[in-house]
Amino acid sequence: MPNFFYEVHFYLFGLLAIASSIAFVTRKSPVAAALWLVNTMFCLAALYAMLEAHFIGVIQVLVYAGAIMVVFLFVVMLLNLGQPSDLVDIRGKWGRLAAGLLGLALLAQVIVLAGRKLPEPFTPGGGYDPIAVRDLGAVGSVAQPLFNEYLLAFELTSILLLVAIVGAVVIGRRRRVDAR
Amino acid sequence: MLLQEATTGAHALSGSIAEWVWLIPVLPFLGFLINGWLSMSSAAHVGPKDPSAAGHGHDAHGGAEGHSDHGGAHGDDHHPVVRHKYAGIVSVIGPAVLLLSFGLTVAIFMAMLGVDREAPFVRTLFSWIPAGDLHIDAALQVDPLSMVMTLVVTGVGTLIHLFSVGYMQDDPGYPRYFAYLNLFVSFMLVLVLGASYPVLFVGWEGVGLCSYLLIGFWFSDKANADAGKKAFVVNRIGDFGFLIAMFMMFANLGALDFVGVAAAAPGMGFNSVLATTICLFLFLGCAGKSAQIPLYIWLPDAMAGPTPVSALIHAATMVTAGVYLIARSAFLFSLAPAAQLTVAFVGALTALFAATIGLKQWDIKRVLAYSTVSQLGYMFVGVGVGAYAAGVFHLVTHAFFKALLFLGSGSVIFAMHRAYHATHNHDDAQDMRNMGGLRRYMPITFVLMWIATLAIAGIPFFAGFFSKDEILGAVFARAHESTLAQVTLLGIPGSTLLYVIYAMGLAAALLTAIYMTRMMLYTFHGPNRSGEKEQSHLAEAPWIMTGPLVILGVLSLFGGWLNLPDLIPFGPVGLLEHWLEPVVGAATAVVTGPAEAHSVITEVYLIGAAVLIAILGIVIAVVRLKPTRLVPKAQAPDEHGFERVLREKYYVDELYDRVIVRPTVWISRNVLSTGVDQGIIDKLLVTWVGAGIPRLFGWFGSRLQSGQVGTYAWVLLIGVIAVLGAFTLR
Amino acid sequence: MLAESLALSAVLFTIGTIGVLTRRNAIVIFMCVELMLNAVNLTFVALSKVYGMAGQVFVVFVMTVAAAEAAVGLAIIIAIFRHKQTVNLENINLLKG
């Protein structure tokens, strides 16, 4: 229930998320950038929790921050790219300005479009149903549509994961160069 | 009341010989084709030494006036004179087609005598321009006015062709000459026979072209080519006016054929701005073609062409096209008295102006050229005041005596050239100061030239007397009472203007008598200045040349009988006027109002004044201008003061050159050629835009595919923004 | 809270985009893409409060795909690094031509 306390925290985590992401984008060192991104994800996880998406919040921390970012850091370590580099940005001042303008343009357009009428709520799942959540639990309320209506997508995604694993191994394999 | 309705269906002349009227212009055109083919087929074998290619630029015949009429061209002293291979055939075909045309014209004329001539007979040949609302047929019109003109053109034309057979006999370009001459007559006939303004315009342009070709006949001498160019360019300015008038006519009246325009013309209202504007633009065309102020400058230079050309084109036919046009458009002009007054005034001014210049010219052809300009001014006075029949009458008589004068001078020049050629003299054969006393050597020509001079001066019973007097009388009558007298032009009341015009006409008549007599005195009377040796070679021209002169002499003598005034108690009165009545009668009546003849006393006074002026002019010339005081051109002193101004024709050409020609050339060269053509079009459009844009695209394309992934990210985002933008802006 | 969430998501997305355009290091660019995906997740979650659980289910899928993509992408970067000894985007122009 949004009340003052809630709102303060919402804005707090929101601003933290923005600040962290700006910091992330402007760091010279890739490692520092990665860590700032992790911080952003933590803030987002808090927001998810405040938005009653508890399961999502948890797996955000577990999968995104905990696994994906770790892989990034692994690769950075592996390739020894951790040194902060001086020339962090390409195309210099004007490039940054142009990029900023393009970003602003995008932002403006998105806000304008989003400000227009949002589509009507569609039925599967209906609105947020606190009864269902109470009955099935946080995880169950996500699992229930996942394994029923969206089963096909679930299965396809698992195949995708399989392909990705195989592909990553194949691409990343060290090729032995035959010197003979 | 100004209507001329063409009857649909059976005209009195349908099915008669008038159906063959299209042959009249076609026969000379056939002559052109044949002679032209003969000319080209022989020219194909021209070598570098052939005189027709080398031309006559060798000798310094230019003189101050830059003429190069070689008096019946000869090769120079270094090339033998050889008569053209096809001269025999051409001599037959050239005049013959014209004689046939003349015969046909006479036949149609005879057919017309017996029938009702109220409505014109329009012979439609084919549909020429069917374009939406605009429907122009290639049609010829047989009516009294066109028949008069056709008779003059074919009749006088035949005589001039015969003359040319003798005059041009030794010219290497003989077939080419007759080809052009035939083509000219063909176009002129299209002009006078046309049934609509566009067909008339075809003839109009065609005679302009032939004038250029014939003036510059001996084009290897640059002065001649320049004269031809000048004639064409100045004509063009007039043609522009004619075109504008035609456009306005079509836009406002919806028709371009004479019958249609006559029917629609009253809708413009009397003295309306529209009517006046159309008529003034038509007059601009006439000023170009008929050498009136300010576009007369080409005619004196046109004397660079062969003398028979001057006789035909610049005396009898082409220059009269303007007068014909106004007479043809009588129904338009009578509706616009302001335009009429302008025409009459410009005509009178031109008449006076040219006459003053003629007083001080030494080249015999120049005198005649300015005389032509002056007499054309008279004709425009005539048609300008709405006396259309009088203007056409003067046109006819002028054709007779001016052609005679030119051809006579051609005989003189021919004889002078023969003499100079025999003695290898390189003096100017056309300068009167080198002539003198020729009556002893060329008596027939002498008599005939005097007949023509008396005619042009307006001595009673010769041709010019009746026509000139008719015009002046008409001006005087309209000054008293007419639509013209009642309107004002630029604040000046019409009647005042008309009296001034009358006075100018009288003054011009006096000057005409003076300079023509002067010409005769210097050429034929007094002692001979050609030189001792040359005298033995001076002789009358061959009969092929003198014969036509005799016929023209007879016409100059008795031509006035075509339209005798009421006063004369014997003979046929007003023949021409009655003949032309179906065409211009109504238009004339609009101007004069209810018919009211002069009192007999007034008529007598007018005639008396004209005769007195003419005799006075001759007397002045005889008394004051002594041929014995002249010296040959080579030794002649230069003129000073006002004499010089006259001789240099008031420096008008120089003025035009400074004010118009040079700025135009400068603009063309520096602004248009360098600035626009090279700068804008070549540099900007071709090099930058035309070649630059493909190069730009190429460069752009190659830069796009850099392989840089980062660049691709940028492009991707820009594309996304563009698509989103389409959504947001929708 | 819906409007604020959506606004926040848009801002994060924009920041991620600017990062993609501006950075030189390929891995950092990759991480910016992850940031963009996170922003999208936030949108889904926020909207799921209005429109039902489908939003959260979709977030699961997004995360899964992000994981797969990260694995494969990093493998590619490693392969490129082995060839060119750099992950500097300006030097990776193998797509040229």
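Trainee: Which pattern does chain A follow when read along the sequence?

Mentor: Keep in mind that this is a predicted model. To read a fold pattern, you walk along the chain and note each element in turn. Here chain A goes α-α-α-α-α-α, with six helices and zero strands making up its secondary structure.

Trainee: What share of the residues in chain A is buried?

Mentor: Of the 180 residues in chain A, 32% are buried.

Trainee: Let's move to the interface. How much area do chain C and chain A bury between them?

Mentor: The size of an interface is often given as the accessible area lost when the parts come together. For chain C and chain A that comes to about 6,300 Å², with 79% of it on carbon and sulfur atoms. Counting residues instead, 62 from chain C are in contact with 81 from chain A.

Trainee: How many salt bridges and how many residue pairs in polar contact are there between chain C and chain A?

Mentor: The salt-bridge count between chain C and chain A is zero, while eight residue pairs are in polar contact, both residues at pLDDT 80 or more.

Trainee: Which elements of chain C give two or more residues to the side that touches chain A?

Mentor: Those are helix H1 (2–22), helix H2 (26–51) and helix H3 (54–84) of chain C. H3(C) gives the most to that side, with 23 residues.

Trainee: Now the rings. How many aromatic pairs does the structure hold over all chains?

Mentor: There are 26 aromatic pairs over all chains. To read one, take the distance between ring centres and the angle between planes. Phe163(B) and Tyr167(B) are a stacked pair, 5.8 Å centre to centre with 25 degrees between the planes.

Trainee: Why are Phe163(B) and Tyr167(B) separated by about one helical turn?

Mentor: Because they are four residues apart in helix H4 (residues 144–167) of chain B. Both Phe163(B) and Tyr167(B) are buried, too.

Note on methods:
Residues numbered from 1 in each chain as written. Chains lettered and ligands numbered in written order. Predicted model: local features only at pLDDT ≥ 70, side-chain atom pairs only at ≥ 80, totals over all residues. Heavy atoms only, no water. Phe/Tyr/Trp six-rings, centres within 6.5 Å; stacked < 30°, edge-to-face > 60°. Buried < 20%, exposed > 50% of the residue type's maximum accessible area, 1.4 Å probe, protein only. Contact = heavy atoms within 4.5 Å. Buried area = accessible area lost by both parts, 1.4 Å probe. Salt bridge = Lys/Arg side-chain N within 4 Å of Asp/Glu carboxyl O. Polar contact = N/O pair within 3.5 Å; in protein donor to acceptor, adjacent residues only side chain to side chain.
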